[in-house]
Amino acid sequence: MWDQLKATGLNEWLSRDSGPLTIISDRGKAILAGVRRAMPEADVIFCCFHLLCNINQHCKEHRAPCLTTNGKGTCPATQPFF
């Protein structure tokens with residue numbers, strides 16, 4: 001997949017010469033492992049929206065109360081950001 005990504009127009013952005021690279025993730029193990037292997041110099045930050053979705057999915061699977069949202073799919077605590 002890395003070779004396919006580099007074959008796109010994004011290749012110039014993936015170069016170390018283009019400056020810092022930040023990857024936004026939902027903490028998926030496969031994504032984090034791939035980023036560490038392919039782009040070890042990249043910064044990784046976590047997406048609040050996707051973390052909330054993951055937490056709520058976990059709660060549903062364990063029959064626990066879900067975190068509430070503002071009706072737009074975002075947590076009230078993250079509203080200023082979305």
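**Questions on the predicted model**

Modeller: In this predicted model, the backbone nitrogen of Arg-27 lies 2.9 Å from a polar atom of the side chain of Ser-25.

Colleague: Is Ser-25, found in strand β1, buried or exposed?

Modeller: Strand β1 covers residues 22–25, and Ser-25 is found in it. Leaving aside neighbours within four places in sequence, Ser-25 is in contact with Ile-31, Leu-32, Val-44, Ile-45, Phe-46 and Cys-47. Its relative accessibility is 4%, and the limit for a buried residue is under 20%, so Ser-25 counts as buried.

Colleague: Where is Arg-27 found, and over the face of which residue does it lie?

Modeller: Arg-27 is found in the loop between β1 and α2, the latter spanning 29–38. With a relative accessible area of 52%, Arg-27 is exposed. At 5.5 Å from the ring centre, it lies over the face of Phe-46.

Colleague: What is the phi of Arg-63, and is Arg-63 buried or exposed?

Modeller: Arg-63 belongs to the segment after α3. Although it is not a glycine, Arg-63 has a positive phi of about 55°. Its relative accessible area is 81%, and the limit for an exposed residue is over 50%, so Arg-63 is exposed.

Colleague: How many disulfides does a search of the whole structure find, and how far is the sulfur of Cys-59 from the closest cysteine sulfur?

Modeller: The closest cysteine sulfur to that of Cys-59 is in Cys-66, at 5.2 Å, which is too far for a bond. The limit for a disulfide is 2.5 Å. Seen from Cys-66, the closest cysteine sulfur is that of Cys-59, at 5.2 Å. The search of the whole structure accordingly finds 0 disulfides.

Colleague: Which of the terms buried, partly exposed or exposed applies to Cys-59, and which to Cys-66?

Modeller: Cys-59 has 13% relative accessibility and counts as buried. Cys-66, at 32% relative accessibility, counts as partly exposed.

Colleague: With which residues is Asn-56 in contact, leaving aside its neighbours within four places in sequence?

Modeller: Asn-56 is found in helix α3, residues 48–61. It is buried, with a relative accessible area of 11%. Beyond the neighbours left aside, Asn-56 is in contact with Cys-66 and Leu-67.

Colleague: What distance separates the C-alpha atoms of Cys-53 and Leu-67?

Modeller: Cys-53 lies in helix α3 and is partly exposed, with a relative accessible area of 35%. Cys-53 and Leu-67 are 14 residues apart along the chain, and their C-alpha atoms are separated by 9.2 Å.

Colleague: What pattern does the protein chain follow along the sequence?

Modeller: The protein chain has 3 helices and 2 strands. Read along the sequence, these give the pattern α-β-α-β-α.

Colleague: What share of the residues of the protein chain counts as buried, and what share of its accessible surface belongs to carbon and sulfur atoms?

Modeller: Of the 82 residues of the protein chain, 18% count as buried. The accessible surface of the protein chain comes to about 6600 Å², and the share belonging to carbon and sulfur atoms is 58%.

Technical notes: Residues numbered from 1 in each chain as written. Predicted model: local features only at pLDDT ≥ 70, side-chain atom pairs only at ≥ 80, totals over all residues. Heavy atoms only, no water. Lys NZ or Arg CZ within 6 Å of the ring centre and 35° of its normal. Buried < 20%, exposed > 50% of the residue type's maximum accessible area, 1.4 Å probe, protein only. Helix = DSSP H or I, 4+ residues; strand = E, 2+ residues; numbered from the N terminus. Contact = heavy atoms within 4.5 Å. Areas by Shrake-Rupley, 256 points an atom, 1.4 Å probe, with all protein chains shown as cover. Polar contact = N/O pair within 3.5 Å; in protein donor to acceptor, adjacent residues only side chain to side chain.
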